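Let's take a walk through this structure together. Have a look at the sequence and the model first.

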Amino acid sequence: MAATAASSLQIVIARPSMLSTKRISSFCSTKFGGDTRRLSWNRLASSCHVSSIQHFSRNFTSTTQKLQKVVTKAQSEADDSKPASVLPIDLRGKRAFIAGVADDNGYGWAIAKSLAAAGAEILVGTWVPALNIFETSLRRGKFDESRVLPDGSLMEITKVYPLDAVFDSLEDVPEDIKTNKRYAGSSKWTVSEVAESVKEDFGSIDILVHSLANGPEVTKPLLETTRRGYLAAISASSYSYVSLLKHFLPIMNPGGSSISLTYIASERIIPGYGGGMSSAKAALESDTRVLAFEAGRKQKVRVNTVSAGPLRSRAAKAIGFIDMMIDYSLANAPLQKELSADEVGNTAAFLASPLASAITGAVIYVDNGLNAMGVGVDSPIFKDLNIPKNTE
């Protein structure tokens, strides 16, 4: 973690001189170390930030105008020297537990990377049936390209815990699950047991991330969803967060942060996103507000959720229409670009940092602005309107 601990995500505020002929440069860059062929973080420059150098001069003959431009800069520091104008997203000395990481291309992985880039120690909880494949891939270096951080080092995962967040304690686990061969060889994987194991291993954590959801009948319309399927979606996708926070809160340090992931289907109709999943996301957002109050008063822990746009993750592909949702977003969102998992990861890093110390109980949209739209502008109804489009 030495190289990782020396890194931080930083927000740079550039304040130009007031001299009439002073040239002002605004920049937003990403520094990379190591092999330039590693592409996993190149998208940070292309999809999150725009680099530009603007030169201009202005005469202040009658009035004085002030300009302040805030830009984001993700960089890795070799030492602790920083310009006086830098606000760091510095999570060195913090420990994060991310529940729901089972591969290297989902939002959970991206959040882990951003937290690691900011200096946090990373612990993950992986669904028990996927544990062996995940650990084997990690050990054999199959994720190494995806592990590359801005300074060229590899993200280190201190420990991987088996986890099935559907069960609070061993007493809740039915016999057919206990004897299932996919769970053979693993122990202490219920929520309470994992929290206790983390306490025994590390004492405390500062950041808790809930990045898991499941709806066994997600492809069914709500009117065709069974009670069992509906309740299963609620249990795995929303109550699992309540349970995680309930059991981890006692070992969270005051000032800590808890983050979950939600989706716009919680408040808008998304045909095809069924099986009770839209209800589960609505419950998750409602619970976020209540938990923010309770965890804030009890442990001074902040609770927020990130409403992320569509991503071509393995989990999303199981729904069957993720490509259509991405195309729809590209056509209708205010920002016409494909969402990067890193953008969600960086948002989570900000929410986990002291820079977000007054933000709690909030739904933070990271979807290129799609949530703000009231209609789909790609509809033939609007063909005669002069709607701006990105032609690049």
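A residue is called buried if its relative accessible area is under 20%, exposed if over 50%, and partly exposed in between (1.4 Å probe, protein chains only). By that rule Thr-262 is buried, because its relative accessible area is 5%. Keep in mind that this is a predicted model, where local features need pLDDT of at least 70, side-chain atom pairs count only at pLDDT 80 or more, and totals for chains, interfaces and linings use all residues. Residues are numbered from 1 along each chain as its sequence is written, and side-chain values use heavy atoms, with hydrogens and water left out.

So who surrounds Thr-262? Leaving aside neighbours within four places in sequence, Thr-262 is in contact (heavy atoms within 4.5 Å) with several residues, including Lys-281, Leu-284 and Val-363. Glu-285 is also among them.

Now for the aromatic rings. A pair of rings is described by the distance of the centres and the angle of the planes. Rings of Phe, Tyr and Trp (its six-membered ring) pair if their centres lie within 6.5 Å; planes under 30 degrees apart are stacked, over 60 edge-to-face, and the rest tilted. The structure holds seven such pairs. In one of them, Trp-109 and Phe-143 sit edge-to-face, 5.4 Å centre to centre with 65° between the planes. Trp-109 is buried at 3% relative accessible area, and Phe-143 counts as buried at 8%. Phe-167 and Trp-189 are edge-to-face as well, with centres 6.1 Å apart and planes at 65°. Both Phe-167 and Trp-189 are buried. Finally, Phe-97, Tyr-161 and Phe-248 form one aromatic cluster.
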